[in-house]
Amino acid sequence: MPEAASRWTTSGSSSGAPRAAPEDAPDPFGARAEYALRLDGRTHTAADPRALRRLLGAPRGVDPAALHGYLCFSHPPEPRTLFAGIGRVATPAPWRERPAPTDEDSAVRALRALLSASVARMLGAERDVGVYLSGGLDSSLVAALLARAGARVHLFSLDFGAPWDVELEHAEAVAAHLGRPLHRVRARARDVLRALEPTAAALHQPFGDSVTVPLFLLGQAARGEVSTVFNGEGGDQLFGGWATKPMIAAEAYGGPGYSREAAYLATYHRFHGVEDQLLTPAARAAIGAVDAGAWLRPALDAPGLPTLLHRLRAANIRLKGAQNIAPRMTQLAAAHGLQARAPFMDRDLAEWTFTLPADFFLRGASEKHLLKRAAEGLLPPALIDRPKRGMGVPATEWLRGWISPLRWEAARRLSARRLRRDGWFRPEYVAALRRGDDDPGETRRRRGGEKLWALLMLHLWMDAQDPPLDWRIS
């Protein structure tokens with residue numbers, strides 16, 4: 001384990017144990033996660049919960065409430081971790097609306113200046129840096145600003161193979177626009193299979209999104225070229241990307257019985273609402289009465305945010321950014337000795353966005369309106385104006401394709417024998433997911449594959465723990 005990850009401090013004791021001053025101000029974006037353990041009257045903290053686990057002596061089992069949270073969100077929601085007794089220190093949420101009159105053209109100039117300043121600050125004196133280029137607006141704009149700042153950018157993009165490589169042509173167009181070669185990083189089923197175990201071992205906690213292993217592959221390719229990698233992470237959360245529009249529509253047309261918490265939980269497309277189908281009676285008893293909405297309320301009901309769009313943006317920064325995207329980004333980069341930098345995760349920039357009117361973000365059906373205007377002249381118009389697609393990770397085809405090696409890996413890791421031994425999940429429900437018998441409420445085939453992927457990553461992560469984590473229900 002890297003030195004920084006194993007560093008820990010104690011408080012509440014006069015024993016002379018080491019105590020470290022914080023290196024930086026609290027990070028509202030979650031890239032620098034901190035974990036805490038209360039033991040024998042002392043509070044121990046660490047940047048990696050696995051360092052705290054060594055202090056426990058006999059390993060404890062899993063936290064059932066955190067496991068339920070993982071099933072809802074694809075990651076254990078703070079302040080929980082899957083290690084019983086070890087929690088994550090809550091991410092600060094300093095965002096408040098502070099309306100400041102401005103016209104759109106002035107806002108565009110200010111946004112360009114703030115983004116350029118963030119890029120320059122994170123670049124420092126480095127000149128050779130990597131960029132994870134998806135072909136979308138956010139990462140492409142970061143690459144363009146880095147090039148304008150004088151950096152020699154090494155561009156890395158995932159190649160899932162036909163017919164799932166539709167984003168690759170847009171990444172190639174950006175590379176051609178910047179006059180830089182594009183490293184196409186293979187992410188086929190066999191490549192992903194080889195990277196499953198090292199990815200799981202790199203993570204402090206499991207992350208069940210299907211992009212996790214492909215991101216590990218990007219780091220594997222980049223480590224021989226650069227020591228620092230930039231990305232466009234945080235752009236969707238900060239500028240009201242694709243996940244915001246459905247929530248606005250749900251709020252407007254939800255009708256009687258509408259629940260903001262339920263609508264927000266539904267955007268994760270995981271196991272919330274189908275727990276009775278997935279979990280065994282013993283698992284339901286172990287988890288008890290857990291209110292999944294309680295993890296959302298501090299973000300969805302945060303004070304100082306009267307405008308719905310700003311409230312949703314702040315919630316997305318905290319829930320989907322700081323608890324998922326940012327720590328995953330940092331941990332996967334660190335596994336390859338890389339520093340990960342996300343210029344959209346900049347406090348000055350974020351605070352400024354909460355001074356703007358809502359229609360600068362969502363203009364009719366157009367998302368990220370102001371960011372698109374700021375990109376004019378830096379990127380090809382066709383890229384700026386095209387609809388959002390997202391990274392099309394073919395998880396369903398990987399896990400259900402008849403000739404895919406990942407299908408057989410899922411069968412091995414999620415076998416009925418193992419599921420019965422551990423006691424958490426109903427083998428018949430998991431078998432139905434593996435066959436493709438998706439939930440009746442899901443209208444998109446890929447959602448079943450994403451759920452199956454989340455279960456596979458959970459088991460891979462459990463298997464990667466040292467010492468082993470016994471999570472069988474007694």
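Modeller: One term before we start: buried means under 20% relative accessible area, exposed over 50% and partly exposed in between, with a 1.4 Å probe and protein chains only. This is a predicted model, where local features need pLDDT of at least 70 and side-chain atom pairs count only at pLDDT 80 or more, while totals for chains, interfaces and linings use all residues. Residues are numbered from 1 along each chain as its sequence is written, and side-chain values use heavy atoms, with hydrogens and water left out.

Colleague: Fine. How many aromatic pairs does the structure hold?
Modeller: There are 13 aromatic pairs. Rings of Phe, Tyr and Trp (its six-membered ring) pair if their centres lie within 6.5 Å; planes under 30 degrees apart are stacked, over 60 edge-to-face, and the rest tilted.

Colleague: What about Phe29 and Trp95: how far apart are the ring centres?
Modeller: The centres are 5.6 Å apart and the planes are at 45°, so this pair is tilted. It links distant parts of the chain, 66 residues apart: Phe29 is in the loop between strand 1 (8-11) and strand 2 (35-39), and Trp95 is in the loop between strand 4 (86-88) and helix 4 (104-123). Helices (H or I, at least four residues) and strands (E, at least two) are DSSP runs, numbered from the N terminus.

Colleague: Are Phe29 and Trp95 buried or exposed?
Modeller: Both Phe29 and Trp95 are buried.

Colleague: And what sort of pair do Phe239 and Phe344 form?
Modeller: An edge-to-face one, at 6.0 Å centre to centre and 80° between the planes. Phe239 is in helix 9 (residues 235-239) and Phe344 in the loop between strand 9 (339-341) and helix 16 (347-353), 105 residues apart. Both Phe239 and Phe344 are buried.

Colleague: Which residues form one aromatic cluster?
Modeller: Phe73, Tyr264, Tyr268 and Trp295 do. Tyr264 also has the charged end of Lys320 over its ring, 4.8 Å from the centre. Likewise, the charged end of Arg313 sits over the ring of Phe361, 4.3 Å from its centre. The criterion is NZ of Lys or CZ of Arg within 6 Å of the ring centre and within 35 degrees of the ring normal.

Colleague: Switching to helices. At what angle do helix 4 and helix 5 pack?
Modeller: About 70°, with the axes of helix 4 and helix 5 (residues 137-148) 10 Å apart. Axes are lines fitted to C-alpha atoms, for helices over the stretch in contact, and angles run from 0 to 180 degrees between N-to-C directions. That makes helix 4 roughly perpendicular to helix 5, a label used for 65 to 115 degrees (under 35 is roughly parallel, over 145 roughly antiparallel, the rest oblique).

Colleague: Which residues meet there?
Modeller: Leu115, Ser116, Val119 and Leu123 in helix 4 meet Leu141, Leu145 and Leu146 in helix 5, with contact meaning heavy atoms within 4.5 Å.

Colleague: What is the phi of Ser74?
Modeller: Positive, about 75°, although Ser74 is not a glycine. Ser74 is in the loop between helix 3 and strand 4, and counts as buried at 1% relative accessibility. Asp40 has a positive phi of about 55°, but Asp40 is exposed, at 74% relative accessible area.
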